Amino acid sequence: MLFFINKLAFSSFKVFFFSLLLVSSFHVFDSVSGTFREEASTRQKEPNALLKWKASLDNQSQSSLSSWDGNGHCNWTGIICDKSRRVHQLNLSRFGLKGILYGFSFSSFPKLNVIDLSSNYLRGTIPSGVGNLSRLTYLDLSSNNLSGYIPFEIGKLRSISELYLESNILTGSIPPSIGNLTDLSFLYLHKNKLSGSIPQQIGMLKSLYKLALSDNNLVGSLPPSIGNLSNLSVLRLYNNKILGSIPKEIGMLGSLEGINLSNNSLSGEIPASIGNLTKVNSLYLSANNFHGSIPQEIGKMRSLIDLELANANLSGLIPASIGNLKNLSYLYLHLNALSGFIPSSIGNLTNLIDLFLHCNKLQGLIPWELGKLESLHQLILFNNSLSGFIPEEMNNLTSLVAFEVSENYLIGHLPQQVCLGGVLESFTAHDNYFTGPIPKSLKNCTSLYRVRLDHNQLIGNVSEDFGIYPNLNYLDLSGNKLIGELSSKWGQCHNLTSLRISNNNLSGELPSELGKATQLRVCDLSLNHLTGGIPKALGELKLLFNLMLNDNHLSGSIPSEMGMLSSLVHLNLAANNLNGSIPIWLRQCENLLELNLSVNRLSGGIPSEVGSLSFLQILDLSQNFLIGKIPKAVGNLKSLEKLNLSHNKLFGFFPSTFDDMLSLTSVDVSDNQLEGPLPDNKAFREASFEAFRNNKGLCGNITGLEVCSSKLSSNVDRKKNSKIVIATVAPILFTLLLVFVVFWILSSSKRRERNTENTPRVVASDSLFEICNYDDKMYENIVEATEEFDSKYCIGVGGYGTVYRAELSDGQIVAVKKLHPLPEGGLGDQKAFNSEIRALTEIRHRNILKLYGFCSHPQHLILVYEFLEGGSLEKILRIDEQAMEFDWIKRVNVVKGMANAVAYMHHDCSPPMVHRDISSKNILLDSDYEAHVADFGAARLLKPDSSNWTSFKGTFGYTAPELAYTMQVNEKCDVFSFGVVTLETLMGRHPGDIISFLSSSVSSLTPSCSSSAPFNQLLLKALLDQRLPSPREQIAAEVVSVVKLASLCLHATPQSRPSMEQVSQELSTQNPPLVKQFHTITIGQLFDSSCYTS
């Protein structure tokens, strides 16, 4: 019985156990099913999120992701899944994707390990949701257009080892939370617009291997915590605005191999602890503001290959320990204030390729040990105080590409085998005291590109010492004692742009083959003993703009072929034995600024064609045998500043047109047969008696001359006014005959127009007399106020007209501009008139001269402007007293006003408008020195994207260089002119040749490699107006910024010039204080941290 009960109990337990097991199984199954359902749902979120983001991209991007459709997202382009089919990697680098990154749902991909979206066109901000990707180890969003801040949540990516956000437009500070990324090995944030300081927390990234924060706007000092980065191999912080000293803790970075802190604002001394960095192979500290000397400990950095400390304000001696750096290939110490001797230990650096020590204060001898540097390519020592002989051992340097020792105190002979290796390109030794022969090895040195040996005492025969140089671009041998004849071989130097051998003892004739050097721009052979005629073949030099053959023994007439030199700016043939007449073809050289034919044997009259040289500033025809009257056309030279007609046989009266030569500052007509009154012109009134002596009967209010009698003045006045009478009376009589016929039509018509129109406009009419905006009385008021446009009311002459000051009957003072009549007749005048009207009546800007009204008349086209008391910028800069009151703040504000005005014309007028004649004469100032752009006589309304070919208008010296070979006018022409006027404002004079030097500096690949580097070494303060004290503090920073901007405007390539909108915006930006002292800044430092060649 007991057995049966136990068995029954056991059976009941089994039933209960299996029931319990069955219930548990149902629960487990249900739970597992739920998990699978949740997993499947999560997996579906990923393709949905990807498709949603794809839909936000542009059409082309969507077509690049054509595989992204339907299920099976693990097989989609750029997607790699893990074993659970969750997205593990997203790699769409270089797919050309365009869209917004912010729409990407990072939270949908919890298992994402790698994201690479680099080198696309993604824009917008980085979503903060990226911080949710806790498993992410690699994030690359570089080379896109991402903007905004780096999200603080980036600090949640605790697993990340590589973070690449460079080459975007990110702003704001580096978030301190970045210190949480303790596994980070690579941090690239360079080429953005990040600001603020480097967070102290950066020192927590102890796994960091490479740190790149260059090319941003970072400020503040380097945190000492950077010394904690014991694994750091590369540190790049260049091109920022980092202040303060380099912390001594930098010496703790024992793994470091490369440091670049150049182009910052670092100060203090270079710490001695830097010598502990024995693994570093490149150290770049150039373009900073250190003080003190190069630490001796730098000699411990025995792995160094590249050491660049240029332009860093360093002083003191070059440490001898630098000779311990046996692996060094590049040593750049230029543009500092280093003194003392060049250490002989540099001769131990047998791997050295480049040695740049120029622009310092080094003295003493060039050590002979430099001759051991047989791998040396570039030895640059110019602009120091080195003395003594060049060591004979320099002849061992057969790999030299550049040997530059100019502007020192060196004596003796030049190294004869300087081109023994046949690879020398740049050889400059000018402005020393060298004697002896031209190096023998130069004759066959076909690699030569630039040679400057000028201003020494070298001897030799140019016929024998030079060969043919297919690559030669620049040659200057001026100021030596060279003899011989010019060889025909120079014509085979087809790339030669500048040939200067002036002030030597050359003889013989000019070879006609010189005309084959068709790239020649400058030819200066003055102050020699050349004989024979001027070769006709010189007419083939179509690019020539400077021809100086003065002070030789040339004879014969001036060949007519030279009329083809349409690019000529300076022509000086003075002090020769040239005969014949002054050629009439000179009118073809319409760009001439200087024409000097003095001290020759020229005869005949002065041709009236000279008057067509409208840009001419200097005309010297003195000491010839010229005869006849001075042509009236000479008075048309409105830009002429110096006129010398002395020692000829000229006779008669001065033409009345001389009264209008308002630019004239110097005149000499002595030793002629001239008579009558002197012109009513400032230059004549202020000249001394010496300028008029030995004439037949000149009179005027000059001490030494007789006062003109009233009878003589009357006779002269009648002669002067005869044509005016004819031109004035005839139209009046003609008008009186017709006025009764048409008066009632005109008067009723005019009344209706004046009653219905309140704004200025041009009235298209064929009537004999028409008034626009002003009535008859107003026109008569203007004529009366100016006494029929008498020259005493003249206040300026523009490209299209003469401007008069007029006080109207109501006391209002206005500026009245009477447009010049054109030879073709009224149609041309009307076209110019209408152009100006259309431009000015549609412009409303505080920096553009206000137009009050306008009148049209058969004899006059008249514009009535606001009168500005300050006068023109050109006038203020020319008069010392006014220029000295025109301080730096006022000048910078004038530049800003000009920029605002031109930017308005280019970017806010529709259609845009090009001025075409921006010059200092066309910038007017009010009593507060506010700039107003004037003279829209050449303005043209542009249709966007049209070719705009038109006849050239503008003021020579201000026009863009491309207009020499194309007549296509666009906004970039104005940008160039603005750059010229800006420089003129700061220099106090027209920049002249400085334009081409600056253009070369900004147009070359790097300013340091510019062929204009001697100019680049010029101190900025020497360029500025010396009548003012040097600018200081904030205004000094603004002046530096303005000069740099002006230089960029002079870029030889129009497309590379900034727009005026960019210029205006940049000028309105607050400039940070200067790091370097203003008086130490060179022109080259405006663009780059190094300079290359002299």
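## Helix packing

Helix axes are lines fitted to C-alpha atoms, over the stretch in contact, and the angle between two of them runs from 0 to 180 degrees between N-to-C directions. In this predicted model, helix α10 (residues 888-907) packs against helix α16 (residues 1060-1067) at an angle of about 145°. The two axes lie 8 Å apart, and the crossing of α10 past α16 is left-handed.

On the α10 side, the contact is made by Val895, Lys896, Ala899, Asn900, Val902, Ala903, His906 and His907. Helix α16 contributes Met1060, Glu1061, Val1063, Ser1064 and Leu1067. Sorted by class, the residues in this contact of α10 with α16 are seven nonpolar, four polar and two charged.

Strands of a sheet pair through backbone hydrogen bonds, in either a parallel or an antiparallel sense. Strand β22 (residues 385-389) pairs with strand β24 (residues 409-412) in the parallel sense, over three bridges. Within this part of the chain, Gly388 has Leu410 of β24 as its bridge partner.

Strand β24 also pairs with strand β26 (residues 433-437), again in the parallel sense, here over two bridges. Opposite Ile411 stands Tyr433 in β26.

## A five-stranded open sheet

Five strands make up an open sheet with parallel pairing, in the order β38-β40-β42-β44-β45. The edges are taken by β38 (603-604) and β45 (697-699); each has a single partner strand, so one side of each is left without a neighbour in the sheet.

Inside this order, strand β40 (residues 625-628) and strand β42 (residues 649-652) pair in the parallel sense over two bridges. Ile627 has Lys649 in β42 as its bridge partner.

## Disulfides

A search of the whole structure finds three disulfides. With bonded cysteines counted along the chain, the disulfides follow the pattern 1-2, 3-4, 5-6.

The sulfur atoms of Cys74 and Cys81 are 2.1 Å apart, and these two residues form a disulfide. Their link is left-handed, with -95° about the S-S bond. Cys74 and Cys81 are both buried. Cys419 and Cys445 form another disulfide, with sulfur atoms 1.9 Å apart. This link of Cys419 and Cys445 is right-handed, with 75° about the S-S bond.

Cys699 is joined to Cys708 by a disulfide, at 2.0 Å from S to S. The link of Cys699 and Cys708 is right-handed, with 100° about the S-S bond. Cys699 has 3% relative accessibility and therefore counts as buried, the cut-off being under 20% relative accessible area.

## Two further buried cysteines

Cys359 has a relative accessibility of 8%, so Cys359 counts as buried. Cys909 is buried as well, because its relative accessible area is 12%.

Conventions
Residues numbered from 1 in each chain as written. Predicted model: local features only at pLDDT ≥ 70, side-chain atom pairs only at ≥ 80, totals over all residues. Heavy atoms only, no water. Pairing = 2+ DSSP bridges. Helix = DSSP H or I, 4+ residues; strand = E, 2+ residues; numbered from the N terminus. Left-handed = near helix turned anticlockwise from the far one by under 90°. Contact = heavy atoms within 4.5 Å. Nonpolar A, V, L, I, M, F, W, Y, C, P; charged D, E, K, R; others polar. Disulfide = S-S within 2.5 Å. Buried < 20%, exposed > 50% of the residue type's maximum accessible area, 1.4 Å probe, protein only.
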